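Here is a short report for a reader who is new to this structure. Look over the sequence and the model first, then read on.

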Amino acid sequence: MVTVKENGARATSLVLEPNRSLTPESHAGIVVGGLLVFGLFSFAFVVIGVWMVIPFIALEFALLVSVLGLVQVRCSTKERLLIDSNYVVVDKLVKGQSWVWRFERTNLSLLVARDEMDTIRHISLCGTAGLVEVGEFLTESELKGVLKGLKAKGLYVRNPSFDGVMSC
């Protein structure tokens, strides 16, 4: 999901986030519902005398909660590009850690990574701050929209060579 915010005539902010198929509220609902089902099955197995399966049910529930937790962590990724007249600032928030790159516009170029089917995979910003990839979790149509927005702000695209090596 791409959100564009215009901060007057000088600056533009692009916020890139993965599509959230599982909101935190639905995650909590699934965990509570699963806990209730686990409790009912555990009680039923204890009543009929087959209590030895309860650890296996608990293991399944723990695995389900762990996988859903990993989905929540992955969906909390956020990338923000702040574009003004002199600089482009990339702020990445991944797994609770934040990284910031500040590029000068005069030395910045965009690299578009494509696969063998000519599908856009991600966009890389290359310049004085190094090389940083953005939008790896976006769909191709969303990436094309990001490229269109960046081109409108005067940032130019350069396609890397087909040998897979990306250099500035």
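A salt bridge is a side-chain nitrogen of Lys or Arg within 4 Å of a carboxyl oxygen of Asp or Glu. K144 and E140 meet that cut-off: their closest N and O atoms are 3.9 Å apart, and they form a salt bridge. The model is predicted.

## Salt bridges

Side chains of opposite charge can pair when their charged atoms come close. How many salt bridges does the structure hold? It holds five.

| Pair | N to O distance |
|---|---|
| E79 and K92 | 3.5 Å |
| R121 and D115 | 2.8 Å |
| K144 and E140 | 3.9 Å |

Take E79 and K92, whose side chains meet in a salt bridge. This pair links distant parts of the chain. E79 belongs to strand 3, residues 78-83, and K92 to strand 4, residues 87-94. The two are 13 residues apart.

D115 has 19% and counts as buried. The cut-off matters for D115, since buried means under 20% relative accessible area.

K144 and E140 sit in helix 3. They are four residues apart, so about one helical turn separates them. K144 is partly exposed at 46% relative accessibility. E140 is partly exposed as well, with a relative accessible area of 29%.

## Helix 3

Helix 3 runs over residues 140-152. It has 13 residues. From first C-alpha to last, helix 3 reaches 18 Å, close to the 18 Å expected at 1.5 Å a residue.

Which residues of helix 3 are buried? They are E142, L143, V146, L147 and L150. An α-helix has 3.6 residues a turn, so residues three or four places apart point the same way.

E142 deserves a separate look. This residue is buried yet has no salt bridge. The nearest side chain of opposite charge is R121, 11 Å away. What does E142 contact beyond its neighbours within four places in sequence? M1, V2 and N19 are in contact with E142.

Just after helix 3 comes G154, with a positive phi of about 90°.

## Aromatic pairs

A pair of aromatic rings is described by the distance of the centres and the angle of the planes. The whole structure has two aromatic pairs. In one, the ring centres of F38 and F61 are 6.0 Å apart and the planes are at 10°, so this pair is stacked. F38 lies in helix 1, residues 24-47, and F61 in helix 2, residues 54-75. The pair therefore ties together parts that are 23 residues apart in sequence. Both F38 and F61 are buried.

The rings of F41 and F45 have centres 6.4 Å apart and planes at 25°, so they are stacked too. F41 and F45 both belong to helix 1. They are four residues apart, about one turn of the helix. F41 is partly exposed, with a relative accessible area of 45%. F45 is also partly exposed, at 25%.

## Positive phi in two loops

Where does K95 lie? K95 lies in the loop between strand 4 and strand 5, residues 97-104. Its phi is near 50°, a positive value in a residue other than glycine. K95 counts as exposed because its relative accessibility is 66%.

D118 is found in another loop, between strand 6 (109-114) and strand 7 (120-127). Phi of D118 is near 65°, again a positive value in a residue other than glycine. With a relative accessible area of 49%, D118 is partly exposed.

Methods: Residues are numbered from 1 along each chain as its sequence is written. This is a predicted model: local features need pLDDT of at least 70, side-chain atom pairs count only at pLDDT 80 or more; totals for chains, interfaces and linings use all residues. Side-chain values use heavy atoms; hydrogens and water are left out. Buried means under 20% relative accessible area, exposed over 50%, partly exposed in between (1.4 Å probe, protein chains only). Lys and Arg count as positive and Asp and Glu as negative; His and the chain ends are not counted. Contact means heavy atoms within 4.5 Å. The expected span of a helix is 1.5 Å times one less than its number of residues. Rings of Phe, Tyr and Trp (its six-membered ring) pair if their centres lie within 6.5 Å; planes under 30 degrees apart count as stacked, over 60 as edge-to-face and the rest as tilted.
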